[in-house]
Amino acid sequence: MIGKKQEAQPQPEQQYTKEEYAAMKQAEREDAWAKVDAQAQEVFKDGESMKGFLSFMAQCTPQSTRNLLILYEQNKEITHPRTFDKWKEAGRSIRSGEKGYTFLADQEYAKEDGSIGNGYRPQRFLASARSRKSGCSP
């Protein structure tokens with residue numbers, strides 16, 4: 001993942017109403033959970049599929065099972081999933097043009113009654129692919 005620093009791309013301004021934004025985020029969460037469910041059915045269908053997934057889990061930086069399923073569906077070669085900020089903290093930069101992957105990040109939020117709720121939000125991260133000698137780093 002070492003390379004040129006990724007320059008911020010200008011993002012087109014989009015204005016959403018509170019309801020539109022909430023519906024968009026809900027659709028993203030539902031899509032991510034659908035991917036988790038579909039991939040779980042795929043990897044647990046037979047011994048070979050399960051063996052492949054378990055091998056992937058062993059090579060990948062520790063993640064929740066839900067995120068490992070999502071990652072496995074997106075790219076079976078991922079080993080080091082991190083957000084842009086986490087790569088930066090590790091003193092690494094991202095090659096220009098690297099593709100981001102989706103995962104479900106834990107999120108606390110305030111409920112209408114003022115109590116704290118826990119949920120998940122889809123987030124993008126960048127990952128390096130495995131190499132035979134690299135292993136995984138946290």
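Q: Before we get to the fold, what does contact mean here?
A: Contact means heavy atoms within 4.5 Å, and it is applied here to a predicted model.

Q: OK, and what share of the contacts with a separation of 6 or more comes from residues 24 or more positions apart?
A: Such residues account for 60% of those contacts in the chain.

Q: What pattern do the helices and strands follow?
A: The chain has four helices and three strands, and along the sequence they run α-α-α-β-α-β-β.

Q: Switching to packing, how are α2 and α3 placed relative to each other?
A: Helix α2 (residues 47-59) and helix α3 (residues 65-74) pack at an angle of about 105°, with their axes 11 Å apart, and the two are therefore roughly perpendicular to each other.

Q: Which residues make that contact?
A: From α2 there are Ser49, Gly52, Phe53, Phe56 and Met57, and from α3 there are Leu68, Leu69, Leu71 and Tyr72; by class, the contact has seven nonpolar, two polar and no charged residues.

Q: How many aromatic pairs does the structure hold?
A: It holds four aromatic pairs. In one of them, the rings of Phe53 and Tyr72 have their centres 5.3 Å apart and their planes at 70°, so the pair is edge-to-face.

Q: Are those two residues buried or exposed?
A: Phe53 is buried, with a relative accessible area of 2%, and Tyr72 is buried as well, at 9%.

Q: And what about Phe56 and Tyr72?
A: Their ring centres lie 5.0 Å apart with the planes at 55°, so this pair is tilted.

Note on methods. Residues are numbered from 1 along each chain as its sequence is written. This is a predicted model: local features need pLDDT of at least 70, side-chain atom pairs count only at pLDDT 80 or more; totals for chains, interfaces and linings use all residues. Side-chain values use heavy atoms; hydrogens and water are left out. Axes are lines fitted to C-alpha atoms, for helices over the stretch in contact, and angles run from 0 to 180 degrees between N-to-C directions. Angles under 35 degrees count as roughly parallel, over 145 as roughly antiparallel, 65 to 115 as roughly perpendicular and the rest as oblique. Ala, Val, Leu, Ile, Met, Phe, Trp, Tyr, Cys and Pro count as nonpolar, Asp, Glu, Lys and Arg as charged, and the others, Gly among them, as polar. Rings of Phe, Tyr and Trp (its six-membered ring) pair if their centres lie within 6.5 Å; planes under 30 degrees apart count as stacked, over 60 as edge-to-face and the rest as tilted. Buried means under 20% relative accessible area, exposed over 50%, partly exposed in between (1.4 Å probe, protein chains only).
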